[in-house]
Amino acid sequence: MIRWLIFIVIIGIADFYAFQSLKTITKSNWWYAFYWLFTIGVLGNFVFQFYNFNRSNGFSPSNSFAVGMLITMVVPKLVLIVAMFGEDVFRIPQGIYSYFMQDSGGDGKITHFPARRKFISQIALGIAAIPFASVLYGIYKGKYNFKVLKYTLHFEDLPDAFNGYKLTQISDVHSGSFDNIEKVEYAIDLINEQESDVILFTGDLVNNKATEMGPYVDIFKKLKAKDGLYSVLGNHDYGDYVHWNSDTDKKQNLENLKTLQKDIGFDLLLNENRFIEKDGQRIALVGVENWGIGGFKQAGDLKKASSEVHKDDFKILLSHDPSHWDAEVVKDSYHYHLTLSGHTHGMQFGIEIPGWFKWSPVKWRYKRWAGIYEELDQYINVNRGFGYLAFPGRVGIWPEITVIELKKGKKEA
């Protein structure tokens, strides 16, 4: 209830300023009618979809559309709040001053400064058009604007046979959100074009149910790598965010998902490990089930997953949630050279200038939220995600295919 009240207050303030801005630049009742019909329609659809979400089988494309329309409407209005409220901070004190200066020649009337108000409104609406257009682009094209991000990481104890070894990581497919098979097929072809030695998937194949993956199984079967495909589960793969008629149905869904991964060609690591051997040397792939802080499932068992791995082996860990790295992995005596995670999606919204600057509100929730991080001579890569969830788009944080090349030797300065 408190969250709803906060939501209503924010929407109310946003609409107050947005409508005031509209009134300063047009006197057309048609525009006023369109504004309120659009606003009420978007809000009504969002409330309806939210109600259905709480009573139905999880997040659907129609839920995503409702979220997308709400964000498209609200974000520009929040920009208007900043601009118009800032103008009021100056306008109101000036008006009060004019009112009380009547004995010194003032007329005792609060000054409204209509010309300045109109000018500020025009500027504010122009600025608000930028996030409006950005959100629309994110929904229309950004969600399939796949980027291949390449990194080279150096390790002094990398086995000689694996010098130059390439791996491709994908994460957070969320197949239940897709609405364009051709774009997904393009992304799979893009993965294969990297010609990596191994493909590693770090969880969240679906939003809720194994059946979501049905239309895309044959496309994902095209994934090829010389040393195979390996995967782990993410928090959404367990079906925890949807209503089930029985525990049996929920368990069966997870089994169906495991079978799907096998059909695609993934070797699913459930707190297990595998070795990749080359010229008499080896590296260990360690895969844990989901483990995350903040109320997420903690089924991962790092000790069990590494039970057959020697302490001196070169180790690559697949763990869906990057919070696991700080909580358990980075200080573990086994020294996991490289951890691959996803989960955050980079919030699907932010600003990035490659090699120089990156920012997203998700940084306030996750210490490691996108890209490569290093601590205690260990690395983690947090993939920004292949798909999308809730908001049906991406703005500034694009869907990612990660290619990492392992090199023998000291890291570059």
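## Arginine 394 and its surroundings

The side chain of arginine 394 makes a polar contact with the backbone oxygen of glycine 385 at 3.5 Å. A polar contact is here a pair of N or O atoms within 3.5 Å; within protein, one must be able to donate a hydrogen and the other to accept it, and residues adjacent in sequence count only if both atoms are side-chain atoms. The backbone oxygen of arginine 384 is also reached by the arginine 394 side chain, at 2.8 Å.

The model is a predicted one, in which local features need pLDDT of at least 70 and side-chain atom pairs count only at pLDDT 80 or more, while totals for chains, interfaces and linings use all residues. Residues are numbered from 1 along each chain as its sequence is written, and side-chain values use heavy atoms, with hydrogens and water left out.

Arginine 394 is located in the loop between β13 (378-382) and β14. Helices (H or I, at least four residues) and strands (E, at least two) are DSSP runs, numbered from the N terminus. A salt bridge requires a side-chain nitrogen of Lys or Arg within 4 Å of a carboxyl oxygen of Asp or Glu.

Leaving aside neighbours within four places in sequence, arginine 394 is in contact with residues including Lys143, His345, Gln348, Phe386 and Pro399. Contact means heavy atoms within 4.5 Å.

## Helix α5

Helix α5 (residues 181-193) has 13 residues, which at 1.5 Å a residue should span 18 Å; its end C-alpha atoms are 19 Å apart, in agreement. The expected span is 1.5 Å times one less than the number of residues. Val184, Ala187, Ile188, Leu190 and Ile191 are buried in α5. They cover an arc of only 155 degrees around the axis, which puts them on the same side of α5; the arc is that of the directions from the helix axis to the C-beta atoms. Glu182 and Glu193 are exposed, on the face of α5 turned away from its buried side.

The packing partners of the buried α5 residues are β1 (147-155), β2 (165-170), β3 (198-201), α6 (217-220) and β14 (400-408). At the N-terminal end, asparagine 180 caps α5, with a side-chain oxygen 3.1 Å from the backbone nitrogen of glutamate 182. Just after α5, glutamate 195 takes a positive phi of about 50 degrees.

## Salt bridges

Side chains of opposite charge can pair when their charged atoms come close. The whole structure contains 18 salt bridges.

| Residue | Partner | Closest N and O atoms |
|---|---|---|
| Lysine 408 | Aspartate 160 | 3.6 Å |
| Glutamate 255 | Lysine 258 | 3.4 Å |
| Glutamate 375 | Arginine 368 | 2.5 Å |

Lysine 408 is partly exposed at 36% relative accessible area, and aspartate 160 is exposed at 54%.

Glutamate 255 and lysine 258 are three residues apart in helix α7 (residues 247-264), a separation of about one helical turn. Glutamate 255 is partly exposed at 40%, as is lysine 258 at 25%.

Glutamate 375 is partly exposed at 25%, whereas arginine 368 is buried at 7%. Elsewhere, salt bridges that share partners join Asp197, Lys226 and Asp227 into one network.

## Positive phi angles in loops

Asparagine 271, although not a glycine, has a positive phi of about 55 degrees. This asparagine is found in the loop between β5 (266-268) and β6 (272-278) and is buried, with a relative accessible area of 6%.

Histidine 345, also a residue other than glycine, has a positive phi near 60 degrees. Its place is the loop between β9 (338-341) and β10 (351-353). Histidine 345 is buried at 7% relative accessibility, and it is one of the residues in contact with arginine 394.

Technical notes: Buried means under 20% relative accessible area, exposed over 50%, partly exposed in between (1.4 Å probe, protein chains only).
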